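Grab a pencil and have a go at these exercises. Try each one yourself before you read the solution.

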Amino acid sequence: MTTRSKNYRKAAEKIDRSQVYAPLEAVRLAKESATTTFDQTVEVVFRLGVDPRKADQMVRGTVSLPHGTGKSARVLVFAVGERAAQAEAAGADEVGGDELIEKVAGGYTNFDAAVATPDLMGKVGRLGRVLGPRGLMPNPKTGTVTMDVAKAVTEIKGGRIEFRVDKNSNLHFIVGKASFTEEQLVENYAAALDEVLRLKPASAKGRYISKATMATTMGPGIPLDATLTRNLTSDSPS
């Protein structure tokens, strides 16, 4: 059995597992639980009523959080020539063609996102075994296979996140850091929620978001009421 810390148990005692909390209430509880010396990440998990084994029920997308993630993402770009120069000017951490592809093929994954121009995807596609399991493979659906590499780099650096339902129908995404204000965390959550709802597959049956939980890196899960979609920064959302 896992032994929880005193602070974890103290935070867990404040959470009523028999109820679900409005986003603002959940954020307050999450911030109260973040008592460590480092700035903990605040994450949300949705259990979706979809079957990810079916292609038409795969929920995957991106969203730009209005207040960013609290972390400066390391972005790698597969591009050459003018596009490479544009990526570097936009702040990409590493840019290159064949040599960079070989470096990644050797197991290098010290980055948070990868972008590629379409003309290099024939070669980048061979990196699936390295990038795929880590969710780093460039994909046109998430805007990471594009000729406008500068825009992609800027958006990722500015707080764009990617999310994808896993094989157990769970969807994970971060909404910021515990040091963020309550309003910033709730507004980031609202932006992500809107995009997840927009991507609801037409073929999905029953309740779309069956369960939602918010938690900090070291804190307990807080049951979240995902049916609330308006006026989320108010104490009385509707």
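Contact here means that heavy atoms lie within 4.5 Å. Keep in mind that you're looking at a predicted model.

**Exercise 1. Find out which residues E162 touches, leaving out those up to four places away in sequence.**

Solution. Start by locating the residue: E162 sits in strand β6, which covers residues 160-164. Next, skip the residues up to four places away in sequence. With those set aside, E162 touches G61, T62, G135, T142 and T144.

**Exercise 2. Decide whether E162 is buried, partly exposed or exposed.**

Solution. First you need the cut-offs: buried is under 20% relative accessible area, exposed is over 50%, and partly exposed is in between. Now look up the value, which is 31% for E162. So E162 counts as partly exposed.

**Exercise 3. Describe the largest pocket: what is its volume, and which residues are closest to its centre?**

Solution. Begin with the space inside, which is about 910 Å³. This pocket is lined by 30 residues, and the closest to its centre are D112, R134, G135, I161 and E162. Strand β6 gives the most, with five. Finally, sort the lining by class, and you get 13 nonpolar, seven polar and ten charged residues.

**Exercise 4. Work out how many cavities of 30 Å³ or more the structure has, and which helix gives the most to the lining of the largest cavity.**

Solution. Searching the whole structure turns up one cavity of 30 Å³ or more. The largest cavity has a volume of about 40 Å³. Its lining is made up of A11, K14, I15, L29, E32, S33, P220 and I222. By class, these are five nonpolar, one polar and two charged. Helix α2 (residues 23-33) gives the most, with three residues.

Now take a closer look at that helix. Its buried residues are P23, L24, A26, V27, L29, A30 and S33. Among the elements that cover them are α1 (6-12), α8 (182-198), β8 (209-216) and β9 (222-223).

Methods: Residues are numbered from 1 along each chain as its sequence is written. This is a predicted model: local features need pLDDT of at least 70, side-chain atom pairs count only at pLDDT 80 or more; totals for chains, interfaces and linings use all residues. Side-chain values use heavy atoms; hydrogens and water are left out. Helices (H or I, at least four residues) and strands (E, at least two) are DSSP runs, numbered from the N terminus. Buried means under 20% relative accessible area, exposed over 50%, partly exposed in between (1.4 Å probe, protein chains only). On a 1 Å grid over the protein atoms alone, a cavity is a set of points where a 1.4 Å probe fits but cannot get out, and a pocket is an open set with protein on both sides within 12 Å along at least five of seven lines; lining residues have an atom within 4 Å of a point. Grid points are joined across faces, edges and corners, and a volume is the space filled by probe spheres set on the points. Ala, Val, Leu, Ile, Met, Phe, Trp, Tyr, Cys and Pro count as nonpolar, Asp, Glu, Lys and Arg as charged, and the others, Gly among them, as polar.
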